[in-house]
Amino acid sequence: MGEVIGSVDIDHLVLAAATAAQGATSRTVLEAVEAEFLGKRSELAGAHRSLGSMDEQARKSAGAVLNAARVQIQQAIEECRVGVEAAERSALLEADRLDLTEVVSSSIASPVRRGHQHVISQTQAELEDVFIGMGFTVADGPEVETDWFNFEALNIPPAHPARGMWDTFYLELGEPETVVLRTHTSPVQIHLMEDAVANDTLPIHAVMPGRCFRRDTPDARHLHTFHQIEGLVIDRGMTFVDLAGVIQTFTTAYFGADISSRLRPAFFPFTEPSAEYEITCTICHGEGCRTCSQTGWIELGGCGMVDPAVLHAVGIDPEEYSGFAFGFGIDRCAQMRHQIADMRALVENDLRFVEQF
Amino acid sequence: MKIPLSWLQSFAPFPSDVALLTAMLDDLGLVVEGSERVGEGLEEVVCARVLSIEPIEGADKIRKITVDAGGEPLVIVCGAWNFEEGDVVPLAPVGAVLPGGFAIAKRKMRGVSSHGMLCSAKELGVGDDQGGLLVLSDLVGSDPGVKLMELLGITADVVFDLSAEGNRPDAWSVLGVAKDLAARLSLEVTMPSFGVAAASGNATSTSASAANAVPSQCSGLTVTAAHGVVVGASPPLIAQRLALSGMRPINNVVDASNYVMLELGQPTHAYDLDSLAGPALGVRLAHPGETLVTLDGVERTLGLAGRGLGQLPEDLVIVDGDDAVVGIAGVMGGGATEIHEETSALLLEAACFDAMAIARTSKKLGLRSEASNRFERGVDPELAGAATKRFFEILSLTCPELTVDEPSLTAAGARAPRTLIRATPARFASLLGVDLDGETIGTLLGPLGFLVEHDGEFLDITVPTNRPDIRSMPLGIADVAEEIVRTYGYARLERRFPSWPAPGGLSQSQRLRRHLRAVLVGLGLDEVWTPTLVPETDAHALHLDEPLVTLANPLAEQERALRSSLLPGMLTALRYNADRRQDEARFFEIGTAFTHPDVASAPRSAKAGAGGGAATALPQESTHLVVTLRDNRDDATTAVALWWALHEALKLEEAELVQPIDGSLVPANLLAGHHPTRSALIRSRTTGVNYGLVGEVDAPVLEAFGVERGSRVGLLVLDVTLLEDSGLVPRRTLRATPVSRYPSSDIDLAFTLQNVTPAGRLKEALVAAAGDLCTSVTLFDVYRGQGLPEDRRSLAYSLRFEAQDRTLTDDEVGALRAACIAAAEQVGAVLR
């Protein structure tokens, strides 16, 4: 027989509550137990009310006993709650159980509807196909790179202001600022060249499509995640004139016979001589409009002869081999071709947008 | 960089055709980002003297002004208050069209007719001040009726906004651009003269001292003292050119310094001689923690390592005779020694600092200036003398008493030897693809300051000092090749499509991905692109407790982690569409999922750090295919049907579905979010490799991503990388099986089977027993309920048999039927 307060046997009460909680088989039952033993009309609450008629000393000690009992009952209920919830979830899952080898094909209702490939992967495939037709293979590479592949081997040394040309996402891996989300697909060039040197499989004629990242606040024209395609040719006797020819052939093949290309001097650490690559404005066909700022030309990407420093970094002799590289945005091609006003539509995945392609 | 055409034309008679110049500058690699006509619309604006100012009844913001503009007095209504009777102000008369196209007409305001408009500097496009009228009273010659353009010495002009590339330090000046243009147009460049500053007769070496404690980072510090300085406004031409170039005119001394920098590309700094402790300037490294309050009033702490370029603590500073810091070299001067109204003597600093040193300090301090922009790109080490001379020429225009202590004093530093490039014309041709002989190369490079000498078949090309971007041999060959082709004209290049014997094509894995896309689109699914960068909470919602790959510098907290599963992005896409009343969608994505190297089954490692000298573990990158099905009544059964289609399309004959899922052998991110009792693993029967999952998304996960509770979402996940790597997709070409000419026979068999035994077990037994003559085993009915024990269900299969060479007899089919029944009994099935 434990302490009795206001005609309530406290120990007995705690025991009864624990037993009731343990017997509960559902959350509903457990909530009822909680109400019965801890609610406003519970015996414990009644005992609490009886404190008012006690003297201060007795009230203090009885109050402490009641509080301890309340905590014990709460704990008992909480302990059971975890079990009950797990059991309920398990019962729910059991009722839901489906033998996936028991599916009857005629029972599946499937509306007849055409699916849609994402405009970016469609564009990527179209670009790949044009380059495949021109004799290029297609290479892939990782999205997480080290500073060596993304920068240094591309003639962008550490602590060099040129690194500021790219706003870079750095990862919390390795030494600070050594692991990056690639800012361009150019590191794939380094992988290809290093592998070709190691396996003695030069020359290289490849394009590299892929996802890239730059730490720019997204707006209607830029997303921080975007897709790029780059080309690399390393072979004997490759010149700037061959680069200009490849660019022109690609331009008419992809954009149409009435679209031309031009090169103008530019600077990239990994090519020398370098060029900016522009095409006839696809909106006005060279007449001049708002899109091309009345110039009749729009900028597509960069290109140039692979810098001898890059060839040195991967162990290719610039006296024997020369080469060129070019790159531009897949998303930008899609934007131009389909006149996508706001690039953010590409990642919203709204069906009304997706279904247009 | 903004350059007024008139400034360019002061060096050579360039044409004024803006379109022609724009095309030419573009082709030279000096990209014209825009051009703006200025001074247009000012032709009609005249000086007007204010005769009287009267209030207008009922108006408290405007007043009635009567002016004398050289003819009859005119009444103008004006809202400005910064002038008095007798002041001279600009008047745009009726009929004038101000810059920006604002036409002035006769207007009536509060009953008073206004015959024109009195203008502010902003309205006229000659300054930024719009606080009141441009008051001209103090200018000599500001008589009523005088044209404003005459008074201010303004001519109509065109301002080009040019962008010069990082490898064109020479093009960061008006002179540099003029030289490029002149070379293209075969014009001579001549330096326009502003006169000569008077010499004091004393050399600066007798009046001041200079010290260079860091010869490796400062190739020369030139100091010149001058006296008789009167600080005031610059001449209108100087002030106007600065303003058009985007620099605010300050006073004649600062303006002269800025003018020289814009014109020649050499930053200089003038110190108030009397504020310096002794007539001395020196350059040294800052002591750790040294401070300086720069011109902009900000206290800068120097000489400390900081997040900049390479974490070096070094900063170059300019010090006075007491070794106290008075300037941050190449970046900004100190406030205490700046030129002020009472300055009468100055020390001019013109120096050449190491580009990396200035870039480092500028980045570390987060302080960029026109000077640091130029030093970062590389300043001609031989320019200090010419810049000093030009500075005093310009200053002498406003300081008739100016005397200069000539010659200047230079504390020399280490000077890199002149870059010499030695190559044959054929070497350049092998890069450029255009055959240019030595003479042509000389003609192309000569006007840019390159010295081209012939030595047998070789050319010895001496690089001018204003081209520090050109590297030494052998890398510099490419740099010079660019200069050759740039001046030759990219537009003139032939275009030749090269050919090579190797064919183009896709790799095996690229073909697989394309095939997957085609199959899924053919099945009516829509491809989505969901973010790579996701909140860390995405993984928590999937109960993925592995470490995540995270960004050190995310743009936003909800983009801190690299996704370890594509599922959250796809559920978010479902939610996005559901919020727009587009509840029904079937999506797929093929994309990269990342696994932290600490828990990766196949972590990558790659060269990292300076020189690629260290190896760093990198995340595992797997290509996942994830499908979420939420069309009408979609659930795990739809996912299974989709799986059948994929299974058939990819010829994944090895694959089987395994239930329940034992997660211990499967990468956690592949299993993420699946419904435990309504999903099955996709496993290779032969290798035991688990490479995917088919089923449903777990209800609490749907809830976590806001997909309406109660709806089911079918799920299919494939690790495409694993599928490729483990060779599960057969690479051999399919061999066609001939179609039988004989009729087939069907038998239907219904069994009861314990609920705990997967139907797949029974099917396998039937397939095995039915043998080679069986072409298909199809489940066509499942029944539970009345007439069956509670722990069993009925499964009805249809089996089709046929032979290539005969019609099967009833006996044959009967024997096969018996064999199938016997086999079924082995797995606990009972024929009904």
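B:Pro407 sits in the loop of chain B between β24 (403–404) and β25 (409–412). The peptide bond joining B:Glu406 to B:Pro407 is cis, with omega about -5°. The structure is a predicted model. In this model, 115 residues of chain A are in contact with 126 residues of chain B, and no disulfides are counted over all chains.

**Chain A and its interface with chain B**

- Chain A is divided into domain 1 (4–96) and domain 2 (119–354).
- The C-alpha centres of these two domains of chain A lie 68 Å apart.
- Chain A and chain B bury about 9,800 Å² between them, and 57% of that area is on carbon and sulfur atoms.
- A:Leu100, A:Val241 and A:Pro265 supply 8% of the area that chain A buries against chain B, more than any other three residues.

**Three-stranded sheet in chain B**

- Strands of chain B form an open sheet of three strands in the order β1-β12-β2, with antiparallel pairing.
- Because β1 (2–4) and β2 (31–38) of chain B each have a single partner strand, they stand at the edges, and one side of each is left without a neighbour in the sheet.
- From one strand to the next, the twist averages 25°.
- Seven bridges pair β2(B) with strand β12 (residues 157–163) of chain B in the antiparallel sense.
- B:Arg37 stands opposite B:Val158, which is in β12(B).
- Helix α2 (residues 18–27) of chain B lies across β2 and β12 of chain B, and runs at about 155° to β2(B).

- Strand β3 (residues 46–55) and strand β4 (residues 63–68) of chain B are antiparallel and pair over six bridges.
- B:Pro55 has B:Arg63 in β4(B) as its bridge partner.
- β4(B) also runs antiparallel to strand β5 (residues 74–78) of chain B, to which five bridges join it.
- In that pairing, B:Ile65 stands opposite B:Ile76 of β5(B).
- Five residues lie between β4(B) and β5(B), which form a hairpin.
- B:Gly70, in the turn of this hairpin, has a positive phi of about 100°.

- A:Cys292 is buried, with a relative accessible area of 3%.
- B:Cys78 is in no disulfide, and the nearest cysteine sulfur, in B:Cys119, is 9.0 Å away.
- B:Cys78 counts as buried, at 5% relative accessibility.

- B:Gln659 and B:Pro660 are joined by a cis peptide bond with omega about -10°.
- B:Pro660 is found in the loop between β36 (655–658) and α19 (668–671) of chain B.

- A:Glu177 is not a glycine, yet its phi is positive, at about 60°.
- The position of A:Glu177 is in the loop between α6 (147–150) and β5 (179–181) of chain A, and A:Glu177 counts as partly exposed at 32% relative accessibility.
- B:Ser186, also a residue other than glycine, has a positive phi near 55°.
- B:Ser186 is found in the loop between α5 (174–185) and β13 (198–199) of chain B, and B:Ser186 is exposed, with a relative accessible area of 68%.

- B:Tyr742 is in the chain B loop between α21 (720–725) and β40 (745–754).
- With a relative accessible area of 34%, B:Tyr742 is partly exposed.
- B:Tyr742 and B:Glu802 are 60 residues apart along the chain, while their C-alpha atoms are separated by 7.2 Å.
- Leaving aside residues up to four places away in sequence, B:Tyr742 touches B:Ala803, B:Gln804, B:Asp805, B:Arg806 and B:Thr807.

How values were computed:
Residues are numbered from 1 along each chain as its sequence is written. Chains are lettered from A and ligands numbered from 1 in the order in which they are written. This is a predicted model: local features need pLDDT of at least 70, side-chain atom pairs count only at pLDDT 80 or more; totals for chains, interfaces and linings use all residues. Side-chain values use heavy atoms; hydrogens and water are left out. A disulfide is a pair of cysteine sulfur atoms within 2.5 Å. Buried means under 20% relative accessible area, exposed over 50%, partly exposed in between (1.4 Å probe, protein chains only). Helices (H or I, at least four residues) and strands (E, at least two) are DSSP runs, numbered from the N terminus. Contact means heavy atoms within 4.5 Å. Two strands pair if DSSP finds at least two bridges between them. Axes are lines fitted to C-alpha atoms, for helices over the stretch in contact, and angles run from 0 to 180 degrees between N-to-C directions. Domain bounds come from an automatic or database domain assignment. Buried area is the accessible area (1.4 Å probe) that two parts lose on being put together, summed over both.
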